[in-house]
Amino acid sequence: GILQKADVYDYKPEFLLVVRMLLEHALGEKSNYHVWVQSLPSTFSTGIWMDEFEQSFLTKDSRVVLDLQQRQYDAFFKAAQTLSDERIQSIFAKNDGGTIFQW
């Protein structure tokens, strides 16, 4: 599948966790985890959100981690878009290019 092609299949449990969190987010106040989901940070400063100038200062090892993070993000986003659950699809309809995955 998509995760295997991106060489991130080992991260399938993390992908499933992201999907579950998206479903809980979509439930809003009906979710048993609503208070917890609302307490999560809404933004993060991770490597994949750095611009080219910022990335130019990364060490070789940091660049390897960044490349993995980018593959994970791309594969997770693409795989999640293929899910047929209408709650997941409504999240994508409300989002501009996957910003919900930033954190």
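Arg20 is partly exposed, since its relative accessible area is 45%; partly exposed lies between buried (under 20% relative accessible area) and exposed (over 50%), judged with a 1.4 Å probe on protein chains only. This is a predicted model, in which local features need pLDDT of at least 70, side-chain atom pairs count only at pLDDT 80 or more, and totals for chains, interfaces and linings use all residues. Residues are numbered from 1 along each chain as its sequence is written, and side-chain values use heavy atoms, with hydrogens and water left out.

What does Arg20 meet in a salt bridge? Its partner is the side chain of Glu24, at 2.8 Å from N to O. A salt bridge here is a side-chain nitrogen of Lys or Arg within 4 Å of a carboxyl oxygen of Asp or Glu; by this rule the count is 1. Side chains of opposite charge can pair when their charged atoms come close. Glu24 and Arg20 are 4 residues apart in helix H2 (residues 12-27), so about one helical turn separates them.

Here are the two partners side by side:

| Residue | Relative accessible area | Class |
|---|---|---|
| Glu24 | 9% | buried |
| Arg20 | 45% | partly exposed |

Now for the whole chain. The protein chain has 6 helices and 0 strands, where helices (H or I, at least four residues) and strands (E, at least two) are DSSP runs numbered from the N terminus. Its C-alpha trace spans about 45 × 30 × 25 Å along the principal axes. Of the 103 residues in the protein chain, 28% are buried.
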